[in-house]
Amino acid sequence: MNTHVVEITLENFQQIAIEESKNKLVLIDFWAEQIPESVELKDKLAFALAGKEDVMLLATVDCQTQQQIAQQFGLQSLPTAIILKDGQPIDGVSGPLTDEAIKTFLEKHLPKAEDDLLAQARQLIGENNINEAFAAISQAYQLDNSRADIKLTLAEVYIQTGKLTEAEELLATITMVDQDSHYQAVMAKLELANQAADSPEIQALETQLASDPDNVTLQQQLAAQYNQVNRNEEALAILFRLMQKDRSDAESKTLLLDILKALPDGDPLATKYRRKLYTLMY
């Protein structure tokens, strides 16, 4: 007996087919012992849905003992399986099915890997764990780079990690039909980030450095300010140039390494400067 499979009877029909289908999808499989194809489908569905009870519940109807339920659904042949949502059928299959056909049927209704990654990324953003959110949403985008919800969440992470150009480019691909309240909120965050990225402190340092371009202290201060507003590529460029000029510059090296450590795993910028640093040191 599969513990994740529910047998429907007249006693629990209302609870499973009506009430439970308001909380999650319910897949009802109709079968009879004397029809081997229906037994085979029941077993394959049980295997395919093991561990997925939180999104789709498998319920079976033994048509030999529960003829009244089968009649209520207007069952005409076996094997047959239907999916219920809010008590109403939304999809179904009948007849002998190949493994590929079963997979295709279920995949239309089960969450995709990118859905799980998107949900994970959103939770991590809410917890202010931006580095792990970056890894999750980047994977989701690799799996499906056409979905607006994935693009918008990736744009949010780009903004929080200072990748404002990448965010702008990604948001430019959002079509009018998907420019909803979420899109407007992300655009507002981008505008604020652009304003913060050019703070009075940064402007003052840039002005001083223009008059004294070889001043190491000013360059380090500007790099630190860039880092504060997530302009990390500019900060790393400054610090790496300083290290190229003076390999004994411990302060610049420390600042550069601190920025690299703070970047998300898999960030191309971190990979780029780790390689440059390795080449410089060895």
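A residue counts as buried when its relative accessible area is under 20%, as exposed when it is over 50%, and as partly exposed in between. In this predicted model, N230 has 25% relative accessibility and therefore counts as partly exposed. N230 is found in the loop between helix 11 (216–228) and helix 12. Its phi is near 65 degrees, which is a positive value in a residue other than glycine.

N128 also has a positive phi without being glycine, with a value near 60 degrees. This residue sits in the loop between helix 5 and helix 6. With a relative accessible area of 56%, N128 is exposed.

Helix 5 covers residues 113–126 and helix 6 covers residues 130–143; they pack at an angle of about 155 degrees, and their axes are 8 Å apart. An angle over 145 degrees counts as roughly antiparallel, and helix 5 and helix 6 are therefore roughly antiparallel to each other. The crossing in which helix 5 passes helix 6 is left-handed. On the helix 5 side, the residues that meet helix 6 are A113, E114, L117, L118, Q120, A121, L124 and I125. Their counterparts in helix 6 are I130, E132, A133, A136, I137, Q139, A140 and L143.

Helix 7 (residues 148–160) packs with helix 8 (residues 164–171) at an angle of about 160 degrees, and the axes are 8 Å apart. That angle makes helix 7 roughly antiparallel to helix 8. Here the crossing is left-handed. From helix 7, the residues K151, L152, L154, A155, Y158 and I159 take part in the contact. From helix 8, they meet L164, E166, A167, L170 and L171.

The aromatic residues come next. There are three aromatic pairs in the structure. In one of them, the ring centres of F30 and F73 are 5.4 Å apart and the ring planes stand at 65 degrees, so the pair is edge-to-face. It links distant parts of the chain, since F30 belongs to strand 2 (residues 25–31) and F73 to the loop between helix 3 (67–72) and strand 4 (80–85), 43 residues apart. F30 has 1% relative accessibility and so counts as buried. F73, at 28% relative accessibility, counts as partly exposed. F30 and F73 form one aromatic cluster together with F13.

F240 and Y273 form another edge-to-face pair, with 6.0 Å from centre to centre and 75 degrees between the planes. F240 is in helix 12 (residues 232–245) and Y273 is in helix 14 (residues 268–281), so this pair too links distant parts of the chain, 33 residues apart. F240 has 6% relative accessibility and counts as buried. Y273 is likewise buried, with a relative accessible area of 6%. Y273 has a lysine over its face as well: K276 lies there at 5.6 Å from the ring centre.

A lysine over an aromatic face also occurs at W31, where K42 lies at 4.5 Å from the ring centre. Both W31 and K42 are in contact with T60. T60 lies in strand 3 (residues 56–62). At 5% relative accessibility, T60 counts as buried.

The peptide bond joining L78 and P79 is cis, with omega about -5 degrees. P36 is in helix 2 (residues 36–48). P36 has 57% relative accessibility and therefore counts as exposed. P36 and L78 are 42 residues apart along the chain, and their C-alpha atoms are separated by 9.6 Å.

Technical notes. Residues numbered from 1 in each chain as written. Predicted model: local features only at pLDDT ≥ 70, side-chain atom pairs only at ≥ 80, totals over all residues. Heavy atoms only, no water. Phe/Tyr/Trp six-rings, centres within 6.5 Å; stacked < 30°, edge-to-face > 60°. Helix = DSSP H or I, 4+ residues; strand = E, 2+ residues; numbered from the N terminus. Buried < 20%, exposed > 50% of the residue type's maximum accessible area, 1.4 Å probe, protein only. Lys NZ or Arg CZ within 6 Å of the ring centre and 35° of its normal. Axes fitted to C-alpha atoms, helices over the stretch in contact; angles between N-to-C directions. Parallel < 35°, antiparallel > 145°, perpendicular 65-115°, else oblique. Left-handed = near helix turned anticlockwise from the far one by under 90°. Contact = heavy atoms within 4.5 Å. Lists of a residue's contacts leave out its neighbours within four places in sequence.
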